Amino acid sequence: MGWLWAIIVGFVLGLIAKAIIPGKQHSPLWLITIFGIAGAVLGNWLAVAFGIGETAGIDWGRHALQLGAAVLIVFLGDMAYSSIRGSRQKA
């Protein structure tokens, strides 16, 4: 069940990150989901490093770090995807 939740959370985080980033992203939905999963993992790691991984109630700090990491990864990943895909189309 853990993998299913990782995919669902990654999908939602990826879509939110894609909506936050201005302009059009060219990455396919499956790649946005992978970027979202990576953002969730990185955000969790940062939350534990900052000592806010587990708090009483809703972990707003952890969720904010997950979303911030997802935005960064979606942005950088889409730039990389566009440059790789663009160089393939020119060749």
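Visitor: How many helices and how many strands does the protein chain have?
Guide: This is a predicted model, where local features need pLDDT of at least 70, side-chain atom pairs count only at pLDDT 80 or more, and totals for chains, interfaces and linings use all residues. Residues are numbered from 1 along each chain as its sequence is written, and side-chain values use heavy atoms, leaving out hydrogens and water. Helices (H or I, at least four residues) and strands (E, at least two) are DSSP runs, numbered from the N terminus. On that basis the count is three helices and zero strands.

Visitor: In what order do the elements run from the N terminus?
Guide: The secondary structure consists of three helices and zero strands. Read from the N terminus on, the order is α-α-α.

Visitor: What box do the C-alpha atoms fill?
Guide: The box is taken along the principal axes. Its rough dimensions are 55 × 25 × 20 Å.

Visitor: What share of the accessible surface belongs to carbon and sulfur atoms?
Guide: Accessible areas come from the Shrake-Rupley method with a 1.4 Å probe; for residues, only the protein chains shown count as cover. The surface of the protein chain comes to about 6,000 Å². Of this, the share of carbon and sulfur atoms is 74%.

Visitor: What percentage of the 91 residues is buried?
Guide: Buried means under 20% relative accessible area, exposed means over 50%, and partly exposed lies in between (1.4 Å probe, protein chains only). Among the buried residues in helix α2 are Phe-35, Gly-39, Gly-43 and Ala-47. For the protein chain, the buried part is 27%.

Visitor: What share of the contacts with a separation of 6 or more links residues 24 or more positions apart?
Guide: A contact means heavy atoms within 4.5 Å. Take the contacts in the protein chain with a separation of 6 or more. Residues 24 or more positions apart account for 62%.

Visitor: Are α1 and α2 roughly parallel or roughly perpendicular?
Guide: Helix α1 covers residues 2–20 and helix α2 covers residues 29–50; they pack at about 105°, with axes 7 Å apart. Axes are lines fitted to C-alpha atoms, for helices over the stretch in contact, and angles run from 0 to 180 degrees between N-to-C directions. Under 35 degrees counts as roughly parallel, over 145 as roughly antiparallel, 65 to 115 as roughly perpendicular, and the rest as oblique. The two helices are therefore roughly perpendicular.

Visitor: How many nonpolar, polar and charged residues are in the contact of α1 with α2?
Guide: On the α1 side, the residues include Ala-6, Val-9, Leu-13 and Lys-18; on the α2 side, they include Leu-29, Ile-37 and Ala-40. Ala, Val, Leu, Ile, Met, Phe, Trp, Tyr, Cys and Pro count as nonpolar, Asp, Glu, Lys and Arg as charged, and the others, Gly among them, as polar. By class, the contact has ten nonpolar, four polar and one charged.

Visitor: Which residues does Gly-10 touch, not counting residues up to four places away in sequence?
Guide: Gly-10 sits in helix α1. Gly-10 is buried, at a relative accessible area of 0%. With those neighbours set aside, Gly-10 touches Ile-32, Thr-33, Gly-36 and Ile-37.

Visitor: Which residues is Thr-33 in contact with, leaving aside neighbours within four places?
Guide: Thr-33 belongs to helix α2. Its relative accessibility is 11%, so Thr-33 counts as buried. Its contacts are Ile-7, Gly-10 and Phe-11.

Visitor: How far apart are the end C-alpha atoms of α2?
Guide: The expected span of a helix is 1.5 Å times one less than its number of residues. The 22 residues of α2 should therefore span 32 Å. In agreement, the end C-alpha atoms are separated by 31 Å.

Visitor: Which residues does Gln-66 touch, not counting residues up to four places away?
Guide: Gln-66 lies in helix α3, residues 60–90. At 7% relative accessibility, Gln-66 is buried. Gln-66 touches Leu-13, Gly-39, Ala-40, Gly-43 and Asn-44.

Visitor: How far apart in space are Leu-72 and Gly-36?
Guide: Leu-72 is in helix α3 and counts as partly exposed, at 47% relative accessibility. Leu-72 and Gly-36 are 36 residues apart in sequence. From C-alpha to C-alpha, the distance is 9.9 Å.
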